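This note is meant for a colleague who is new to the structure. Please read the numbered points beside the sequence and the model.

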Amino acid sequence: MKAILSGLTTAALILHAHSIPAPAIIESRAAEACGYPVIPLYVAVSGSITDRLYTTDASEAERALESGVYSHQSVLVYIYSNTTGPDVPDAVPFYRLWSSTKTDHYVTASWDEVESAVTTNGYEYQGVVGYTYADTSAETGCPGTVALHRAFNPDIEAHYYTTNATAAENALSQGYFDQGIAAYVFPA
Ligand SMILES: *[C@@H]1O[C@H](CO)[C@@H](O)[C@H](O)[C@H]1NC(C)=O
Ligand SMILES: *[C@@H]1O[C@H](CO)[C@@H](O)[C@H](O)[C@H]1NC(C)=O
């Protein structure tokens, strides 16, 4: 009886462990575009350090929330991964930068910009988050991409990305400067 009970207790503990709610990471949907898999580009948002962290690594987004520094996250857009992206015709790397003094992450498809951010602007290069397009669907032949608008607020040293043209427009009346189209991506 004791053995059975302890067996049940163990089973209950395992069940309990499995029922602990996972951190609030939005499920990634299986998806592909033009024959290649696409993955979520998450954005984790911090009010306390006025930063938005862009990552395709769900566990990095999870850790950001668990740290308490970042308060919420969502899927910003879908992009190709940094492993399958190199095979996709016309797709280009999306590089990530970080400055701990500005507490600012941002992403760019321009390697020239990475170099100048690192050499003259105090940013650290953090790798390739994934692959996007530098050109429209009409130019690449892969349908369904939308413009990812980019804006920067120098007062709080924060970048902002959105596929919503109205939201991009609204940011401009809240201290942000238009920085054009960062890339063409798949909407969330
Ligand atoms: C590729 O992306 C993953 C996250 O999806 C990241 O952990 C890894 O560092 C990236 N690799 C390179 C070479 O940037
Ligand atoms: C776009 O942004 C505007 C302003 O924030 C908002 O009212 C609208 O609902 C957004 N549209 C979509 C499709 O999310």
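The points below cover the overall fold, the nonpolar core and the ligand shells.

1. This is a predicted model, in which local features need pLDDT of at least 70, side-chain atom pairs count only at pLDDT 80 or more, and totals for chains, interfaces and linings use all residues. Residues are numbered from 1 along each chain as its sequence is written, and chains are lettered from A and ligands numbered from 1 in the order in which they are written.

2. The protein has five helices and 10 strands (DSSP runs of H or I, at least four residues, and of E, at least two, numbered from the N terminus). Of its 188 residues, 32% are buried (20 or more other C-beta atoms within 10 Å of the residue's own, with C-beta atoms placed from the backbone).

3. The largest nonpolar core holds 37 residues (buried Ala, Val, Leu, Ile, Met, Phe, Trp, Tyr and Cys joined through C-beta atoms within 7 Å). Among the elements that each supply at least two residues of this core are helix H2 (58-66) and strand S10 (177-187); S2 gives the most, with six.

4. Val 77 is one of the residues that touch the most other core members. Leaving aside neighbours within four places in sequence, Val 77 is in contact with residues including Leu 41, Leu 148 and Val 185 (C-beta atoms, placed from the backbone, within 7 Å).

5. Around ligand 1 are Thr 56, Asp 57, Asn 82, Gly 127 and Val 128, and around ligand 2 are Asn 164, Thr 166, Ala 167 and Asn 170 (C-beta atom, placed from the backbone, within 6 Å of the molecule).

How values were computed:
Buried ≥ 20, exposed ≤ 12 C-beta atoms within 10 Å, placed from the backbone. Contact = placed C-beta atoms within 7 Å.
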